[in-house]
Amino acid sequence: MSRSRSFWLGLALALLAFSCAKRGDSGVDREVTTLGAIEVTAKLVEIPGPFPPNDLYNYGYVLKYKVLAVHRGKLDGDEILVAHYNPLKPRSTAQDEFSGKVGGHLDRFRAGDVHRMALEAPLDNFWMGGVVDKYFQQKGVRYWAVWTNLKTD
Amino acid sequence: MRNLRLFIATSFAILYGVSVWGATIPAEARVSRLAKEVQAKGWIVYSARTERGDWDLFLMRPDGSGRHNISNTPAFSELGGRFSPDGKKMLYRRIPSDSKINHDVWGAMGELIVANADGTGATVYGNAGEFAWASWSPDGKQLACLTKAGIEIRDFATKKVLRNFDRKGIYQQLFWSPDGQWLTGTANHFGESWTVVRMNAVTGEVNPVAKFQNCTPDWFPDSKRLIYSSRPANQEEPDGGKLASSMGQRPGYGWTQLWMADGDGSRGSLVYGEDGRHIYGGALSPDGRYVIFSRSPVDGGLGAHDTGAPMALMRIEDAPTIGGESKALRKLFPHTKDGPILPLPEGWEPHWTYAEATGKK
């Protein structure tokens, strides 16, 4: 292999490695920008308790978010309550025959992370099943997360 | 010596109908008497696996006799048969036989079928997913159905929506009371899913009957009381979880029991419990004197191998009754009556009518 070819091959590999390296992700994709009636970027404030197992029972789990930006639709206030379907599962595998359209690139829920989400409301119009809502004393809309991506940039 | 002990224990168990070493040894005479008592009291419809592997509807006498398949549809599975109040018709769901039954949402699966109570004349009433959790009105002229948007009351003959109202968190197992004044269902209520609630069928007001891990409610004929399944939290495991582990269940998960309570949630009391079994599908006789249920070794009620769970029948007057060794339960309910439990074939989601013509060919 000539020195010149080695150089270009090395450069290509370096560029490839650079492009694959962990870097900021805006959380934007086709689904999050088109699904649901509302699109937000929001910070997951807390996870109020352990997620129950979902090997036998499917459920929605309500999480509290601090809204950082509203990209589509309207919200009341900057704190919202969002139900996620079977939150123990990565969003990419959460959808099943009962859930309707649910997905995203988020692998797991961690307090403090920022999510870009496509939402619907009210929850009851989109999910007829068990809901664990530790904020039940807090009045207001419960949103249904259709698509959830992790935002890291 | 060991044989002598076994003989004494078994004799004692037969005489008094108590449990020995984890297995209920029924007092045969009392069980026979119970079987004789209920034999002619109408018919039970239930779903069960066939030798082909699909689920069909079966009828049997309450003592387990006269069992016969009334659907015989290799291409479909039939589930959740419910007799009309006059016992002349039934409705049930039908799904393709290669679909897996979901024990939780079966009332919204597949098509709603209406048939004569003996299974003849089956006709598709609604397309897949329509008329979910359809429940007869007391006069059989209307159906209450559950949709995401709310509860719909439909005219049975025309299918027209007569009125609708908020479902108030109810998401499955909707059943209309015999007096027409109430609905019951499993709901999200005050942050807890799996709460059995009672809804006023006129005003839509809801009150909890049993909070936290309850389901499969059914009405007593007086419309004042309900029977339901409940898996109480923090159940004691005297064996450190060995029984649960031996049955593939997480220690600490607990066992589902059969309970009853007044419609306002008061006077909740155990009907039947058995460590090592999940008790589901409690269906009362039309006079409320007996209850039939399934005893599944795994949660969900479909049995260990999705073949249905052994069913059983008892008198309500014998509540509370505890099956098996159930040390923790017996400690909690020391005054158990340990009434006779009539064992029945494997099945799922039974329903009872006293109409005589139902099962006669």
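Modeller: Let's start with pairing: two strands pair if DSSP finds at least two bridges between them. Strands themselves are DSSP runs of E with at least two residues, helices are runs of H or I with at least four residues, and both are numbered from the N terminus. In this predicted model, local features need pLDDT of at least 70, side-chain atom pairs count only at pLDDT 80 or more, and totals for chains, interfaces and linings use all residues. Residues are numbered from 1 along each chain as its sequence is written, while chains are lettered from A and ligands numbered from 1 in the order in which they are written.

Biologist: Thanks! How many bridges join S23(B) and S24(B), and in which sense do they pair?

Modeller: S23(B) and S24(B) share 5 bridges and pair in the antiparallel sense. Within that pairing, B:Ile292 has B:Leu313 of S24(B) as its bridge partner. S24(B) also pairs with S26(B), again antiparallel and over 5 bridges. There, B:Ala309 stands opposite B:Gly347 in S26(B).

Biologist: What is the strand order of the open sheet in chain B?

Modeller: The order is S5-S4-S3-S26-S24-S23-S22, 7 strands with antiparallel pairing. Its edge strands are S5 (68–69) and S22 (278–284) of chain B, each of which pairs on one side only. At the S5(B) end, 2 bridges link that strand to S4(B), residues 55–60, and B:Leu59 stands opposite B:His68.

Biologist: And how do I read burial? Which residues of H2(B) are buried?

Modeller: Count C-beta atoms, placed from the backbone: a residue is buried if 20 or more others lie within 10 Å of its own, exposed if 12 or fewer, and partly exposed in between. In H2(B), the buried residues are B:Val31, B:Leu34 and B:Val38. They line one face of the helix, because seen down the axis they fall within an arc of 60° (taken from the directions from the helix axis to the C-beta atoms). The face turned away from that buried side carries the exposed residues B:Ala29 and B:Lys36.

Biologist: What do the buried residues of H2(B) pack against?

Modeller: For contact, the C-beta atoms of two residues, placed from the backbone, must lie within 7 Å. The buried residues of H2(B) pack against S23, S24 and S26 of chain B. S24(B) is itself mostly covered, with 5 of its 7 residues buried.

Biologist: Finally, how many residues does each chain give to the contact between A and B?

Modeller: Chain B gives 12 residues and chain A gives 15 residues.
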